[in-house]
Every structure is written in structure tokens, then in C-alpha cells.
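Student: I am new to this structure and would like to learn how to read its features one at a time. Could you guide me through it?

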Amino acid sequence: MNRLEEMQVYVRVAELASFTQAAHELGLSKASVSGAIRTLESSLGVRLLQRTTRRVQMTVDGHAFYDRCRQVLAELDDLQAMFQHDAAELSGHLRVDMPIGFARNIVLPRLPELLHAHPRLTLDLSSTDRRVDIVKEGFDCTVRVGQLDDSALVARPLGSFAMINCASSAYVARHGVPDSPAALGSHRLVAYSPGLAGTREARFEYVEAGKQHSITVPAAVAVNNTDSYQAACLAGLGIIQVPEVGVRDLLAQGKLVQLLHSYQAAPMPVTLLYPERRHIAKRVQRFMHWLAEITQPYVQ
């Protein structure tokens, strides 16, 4: 195995945090993968990975080496692409992360077009409500919906999702339609709480006369992911506040009903994040441009 192949092996082990999974994905034996890592560590004179019986984790030196490996491999892919017969065709592997609803409603319906146009391009698409560590977990880019934490990442705004309030038709038939936020005291919201730390109340947010307001409303149930949030609403457990794009079909089918039209939450920003790097592979640049393009019809 040459040095570039060893670097490719190291990158996959570091990203998957597993020798076994990396071996399976690369079509190698676990012994070959372990041997490649040992050879790298011996030649570099540093420990790249900490191994225990339960986990594999990059060391400080391992993180630095991983980042440089990604740059070198990206540049190599770009160099090879210069001599392809179709210079517009992308190749290589991408790792991206985005919220579940964003993947389901916007990206996955259009992804077959991208992969058909670039058959040598492969993609790992992570869909989760947690905030991934882009650098540590080896993602090329991620989409975040909502306010951003302070970060050293490069942030590219894609627009904002319009927010609406809605409940199931069964909930409305049982509890009626509130005519103002003040009337919500006799209603229930579904609480969204990533930590589920004994949540018994939810915050109803709205903008009125250019000012943001927030009131506390009782919650019958708290959930920690967006799919459960929507499912709880459909089950008649309470009112939710969500991006309109995520429930458009359910509104059209009459399964959900929009409420309090004049009291919507502030639009939710949509941002594309990626690590600060001198060299970004062409496939990553083109994918991010494609992602921005397909998002435009859904944002304001």
C-alpha cells in the first residue's frame, strides 16, 4: 500500500471512528487497515489514533494530520479531474449533514438528478437534529436551520424559512381555534426540547408591530426531534410552530390547519457551513453551489 492509499485509509478510519467499518467500506481486511495506520504512525513518529476496546479517537496530532490529508486528497481529485474527458463531471466522495426535514423535503427529491449527472460522485448524507462537529466528524459541509452558535466555520446564508403555526384538524375540532396569543392559555403546545429536561411548558413566539414576543404555554408532550414534533401535532397533541415548507403537503391535504395567521414567529435563517480551508475540492464547491440553487425556491 502506497502513502496516498494509507492516507485514504486513515481518513476513513478517522471519519467512521472504526477500523471495522472502514475496512468494510474500503473493501479491505481489518488487518490491512490496521497495518496501514501502524505504518503511517511509525513513519511520522506520532500517535494518530487512540484505540480502546470501545472507541477509536483522533489525537491532537491525528486531527492536524487528518485535515492535511483531506486537503491533499482533494487536490489530487481536482488534478485527476483536469484530464477527464468531461471536465464538468464530478467524482469522489462527499460527507454532508443537514436537518431531517431539510433532507426529506428539499435535498433527497432532487438528489437523483445530481447523481445521474455525476455517476462517479458518491455521498454520505447525515440527517440529524443534533449539531455535529464538522471538522472532528469529517464533514465537507452542513446545513443549519436556526440561529448559529459562535463558530470558526465559514457561514454562507441561504435565506430564511417562513414560519407558521398549525395544529391537526382533530385538535381544532376538539379545542377550537385560538384568535390571539392570549387565548393560548386554554390550549396546548407540543414542546421541542433536545435535552428533554423535564419540560412541561413550551414557548410560543411571534412578531407583532416589528417586535418579537414570547409567551409560555402548557405542553402535554415534549419531543427531541423534528419528526416526532410533527407526528405529535398530527396525533392531535398540540399546536406547533414550524417552517411552512415542511408541512406544505399536510396543509394541502387538510391534515393540518394553519392558526393565528397574524402571529407568526420570525423567519428561521438557513445557513450553509463549511470549514475554513485554503483548498476546497471542486466537488465540494460544486455541491454547495447546487445546494444553494435548489434551496432558493423555498426561502425568502
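Student: Is R51 buried, partly exposed or exposed, and what is its relative accessibility?

Tutor: A word on the source comes before the reply: this is a predicted model, in which local features need pLDDT of at least 70 and side-chain atom pairs count only at pLDDT 80 or more, while totals for chains, interfaces and linings use all residues. Residues are numbered from 1 along each chain as its sequence is written, and side-chain values use heavy atoms, with hydrogens and water left out. Buried means under 20% relative accessible area, exposed over 50%, and partly exposed in between, with a 1.4 Å probe and protein chains only; R51, at 32% relative accessibility, therefore counts as partly exposed.

Student: Which residue forms a salt bridge with R51?

Tutor: Side chains of opposite charge can pair when their charged atoms come close. A salt bridge is a side-chain nitrogen of Lys or Arg within 4 Å of a carboxyl oxygen of Asp or Glu, and here E41 forms one with R51, the closest N and O atoms being 3.1 Å apart. This pair links distant parts of the chain, since E41 is in helix 3 (residues 30-44) and R51 in strand 1 (residues 49-51), 10 residues apart; helices (H or I, at least four residues) and strands (E, at least two) are DSSP runs, numbered from the N terminus. E41 counts as buried, at 11% relative accessibility.

Student: How many salt bridges are there in the whole structure, and which residues are linked in a network?

Tutor: A search of the whole structure finds 12 salt bridges, and R12, E15, R70, R95, D124 and D140 are linked in a network of them. R12 pairs with E15, their closest N and O atoms being 2.0 Å apart, and because these two are 3 residues apart in helix 1 (residues 3-16), about one helical turn separates them. R12 is buried at 7% relative accessibility, and E15 is buried at 10%. D124 also forms a salt bridge with R12, with closest N and O atoms 3.4 Å apart; this pair links distant parts of the chain, D124 being in strand 4 (residues 120-127) and R12 in helix 1, 112 residues apart.

Student: At what angle do helix 5 and helix 10 pack?

Tutor: Two packed helices are described by the angle between their axes and the distance between the axes. Axes are lines fitted to C-alpha atoms, for helices over the stretch in contact, and angles run from 0 to 180 degrees between N-to-C directions. Helix 5 (residues 100-107) and helix 10 (residues 282-295) pack at an angle of about 80°, with their axes 11 Å apart. That makes helix 5 roughly perpendicular to helix 10, where angles under 35 degrees count as roughly parallel, over 145 as roughly antiparallel, 65 to 115 as roughly perpendicular and the rest as oblique.
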